[in-house]
Amino acid sequence: MTTYLAGFSLGLSLILAIGSQNAFVLKQGLKNQHVLIICAVCAISDAILISAGVAGFGAIVTQFPQIETFARYGGALFLTVYAVLSFKSALTTSHAMDSHVASESSTLKAVLTCLAFTWLNPHVYLDTVVLLGSISTQYHPEQLMFAVGAISASFVFFFTLGFGARFLAPFFRSPRSWKILEVFVGVIMLVIAFSLISGVSD
């Protein structure tokens, strides 16, 4: 149980900070759009990366830094484009907290966007694959329990963030609040994109 709690607490501490992925999950939760599948995609992606790290993939990433470089610049480009779209939405769109039925295409778009936020973010690899993977070796022979703890933290966090966002819904009934959120999300994306290019870690 001690090993499980160590993995859970460390995994949770690594994803608590407001980042591009978390901002996207929060936004989807506020809009009540594809919340279940978005939370599942984030949590399952973390589970795959954490498992890979504990299994030793972190050594491969360390040996081939090109993987991190590709994720760094690809992620920065993606975040910049998303930031521009957020600013454009804040200026040209009047959102409302109306429930609506999403089409299959919009679901696919949301999932692909979520995957991009997750897999094009080099900090995700550094946190889950390299950091958690290396720390798990300290808990030999209970690395599996450490990984389960870290994976559990991801599931708890993302589903709490996604479905807990609805409690902020009354505040976002105002179109002005949505514009503020779009600007906030855009700023976060640009800051993270700049940190990726400049090599500054979260």
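The model is a predicted one, and over residues 97-104 the pLDDT stays under 50. For that stretch of residues 97-104, the model has eight contacts beyond four places in sequence.

**Annotated transmembrane regions**

- An unreviewed UniProt entry carries the annotation "transmembrane region", which covers residues 35-61, 73-91, 144-168 and 180-200.

**Helix α2**

- Helix α2 runs over residues 20-31, and its 12 residues reach 17 Å from the first C-alpha to the last, which is close to the 16 Å expected at 1.5 Å a residue.
- This helix is mostly covered, since 10 of the 12 residues of α2 are buried.
- Among the buried residues of α2 are Ala 23, Phe 24, Val 25 and Leu 30, and the list also includes Ser 20, Gln 21, Asn 22 and Lys 27.

**The loop between α2 and α3**

- Asn 32 lies in the loop between α2 and α3 (35-54), and just after α2 this residue takes a positive phi of about 55°.
- His 34 lies in the loop between α2 and α3 as well, and His 34 has a positive phi of about 55° although it is not a glycine.
- Asn 32 has a relative accessibility of 51% and therefore counts as exposed, because exposed means over 50%.
- His 34, with a relative accessible area of 14%, is buried, because buried means under 20% relative accessible area.

Terms used. Residues numbered from 1 in each chain as written. Predicted model: local features only at pLDDT ≥ 70, side-chain atom pairs only at ≥ 80, totals over all residues. Heavy atoms only, no water. UniProt positions renumbered as here; feature names shortened; annotations may be inferred. pLDDT = per-residue confidence, 0-100. Contact = heavy atoms within 4.5 Å. Helix = DSSP H or I, 4+ residues; strand = E, 2+ residues; numbered from the N terminus. Expected span 1.5 Å × (residues − 1). Buried < 20%, exposed > 50% of the residue type's maximum accessible area, 1.4 Å probe, protein only.
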